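Trainee: Before we discuss the assignments, may I see the model?

Mentor: Please look at the sequence and structure here.

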Number of protein chains: 2
Amino acid sequence: MAYRKTPAEIRRLEAAREHLVVCATEVVADVGWAQASVTAVADAAGIAAGSVYQHFSSKSALAVEVFRRAAQREVDVLGEVLEGDGDPADRLRRGVEVFARRALENHGLAYALLAAPAEPAVGAERLAFRRRYRALFASVIEEGVAGDQLPLQEPEITAAALTGAIGEVLVHPLSTSAAEDADLLVSGLTSVALRCAGAAP
Amino acid sequence: MAYRKTPAEIRRLEAAREHLVVCATEVVADVGWAQASVTAVADAAGIAAGSVYQHFSSKSALAVEVFRRAAQREVDVLGEVLEGDGDPADRLRRGVEVFARRALENHGLAYALLAAPAEPAVGAERLAFRRRYRALFASVIEEGVAGDQLPLQEPEITAAALTGAIGEVLVHPLSTSAAEDADLLVSGLTSVALRCAGAAP
DNA sequence: GGAACATCTGAATGATGGTTCACTTCTTAC
DNA sequence: GTAAGAAGTGAACCATCATTCAGATGTTCC
């Protein structure tokens, strides 16, 4: 019994793992999944390629962790607004606005989360998170329909449409160039989203 | 001068190329871009891997050709309807309906065109075609706005939203399982699309 | 038939990039 | 200080495919 991890050592390891995830996220936001090789990520974190495998069993596992962390933050923020107080239509408007602003503020990451080509494991995760966005939208819409603030509709379909619409509107400016005018884009997007759900203007 | 391609030989070569593209399209529709290796495609076409390079300079070039052919058909069909006769809102409804029905009828290909992970060259092509869908939608909407059949809006944004919404609604059932009820899905989708553009129900 | 040239073949080649591992460096416990 | 064992290193390894090319097979024309 000549060696045992001391609490400080455990913390140091956790911090190293954390640092790796943060750096990997930056790399992915900067250059996309395809260019984020193990070597590139390790370099960014200031460690050797082999050391990545101290923290993750494979590159995929790291990529999935990066995706989950970032995507979860967005789900949390969106959920906060959509499940908050107020008229369903107004919550929807604010949700879309918040989502869009955050995406525009962080092009690279938003593109990586929403659309950038990625390995299968990340693709699967993306699908899962899209379902979660959809579920959030669906319940606001359902509520609005139940309370007669929104017209009769299939909430699941509208929710899917919203998810796709928001993604597309944001991703195209994101992938090509910065939006010419973010405010215009956001107000245009919220308008479409509200119409999509049948909310009166 | 002991050998010269005879017209029949030229036709045979063109037919071989055509056959290759068709088979490659089937493979892609069945297993996706990632699994459509040169060997798999060549096997499907009944030729050797090396022979692919008689017709295309690279795998990417073949993939792009496959994508273009299939995507162009959809653009043509959609354009036909959207630029046809009638009320802009009604054309939009019919356009969405036709697009959706075709996609549902050919899950695999639709998924490959709209969303399946693909190499960069195909991704670029996909982007280009999305812009074309967008342009088609934008001009119907612009027309509708000009003629007061649709409320004032940013046609480009609505068009992008429509493209994304339609893709998302179709792709999720497509990637997971067959739509439970295609008619319900299509009518739900056309309704959202019309609301999206602000067309009265 | 056979000379000249093209297409077709498929195993060998090569590039890419994730993963491993023998070795070094650091930490703990005594 | 030193033994025991963990973390860190990075060059070697390996799997996957796209691509090539020397030889085999077809086609044209006289």
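The discussion below takes up the interface, the symmetry and the DNA contacts.

Mentor: This is a predicted model, in which local features need pLDDT of at least 70, side-chain atom pairs count only at pLDDT 80 or more, and totals for chains, interfaces and linings use all residues. Residues are numbered from 1 along each chain as its sequence is written, chains are lettered from A and ligands numbered from 1 in the order in which they are written, and side-chain values use heavy atoms, with hydrogens and water left out.

Trainee: How do you know how many residues of chain B are in contact with chain A?

Mentor: Contact means heavy atoms within 4.5 Å. By that rule, 30 residues of chain B touch 30 residues of chain A. The buried area, that is, the accessible area (1.4 Å probe) that two parts lose on being put together, summed over both, is about 2,300 Å², and carbon and sulfur atoms give 67% of this area.

Trainee: Why is the pair Glu168(A) and Arg130(B) called a salt bridge?

Mentor: The term requires a side-chain nitrogen of Lys or Arg within 4 Å of a carboxyl oxygen of Asp or Glu. In this pair the closest N and O atoms are 2.2 Å apart, so the pair qualifies. The count between the two chains is two salt bridges.

Trainee: Which elements of chain B give two or more residues to the side that touches chain A?

Mentor: They are α7 (120-146), α8 (155-176) and α9 (182-197) of chain B, helices being DSSP runs (H or I, at least four residues) numbered from the N terminus. Of these, α8(B) gives the most, with 12 residues.

Trainee: What makes the two copies related as by a two-fold rotation axis?

Mentor: Copies are superposed by least squares on the C-alpha atoms of residues with pLDDT of at least 70 in both. Chain B is laid on chain A by a turn of 179° and a shift of 0.0 Å along the axis, with an RMSD of 0.1 Å. The copies are thus related as by a two-fold rotation axis. They meet through the same surface, because 100% of the interface residues of chain B are also interface residues in chain A.

Trainee: How do you know which residues surround DNA strand C?

Mentor: A residue is near a strand if one of its heavy atoms lies within 4 Å of it. There are 22 such residues, and Tyr53(A) and Ser51(B) are among the closest. Sugar and phosphate account for 76% of the atoms of DNA strand C that come within 4 Å of the protein.
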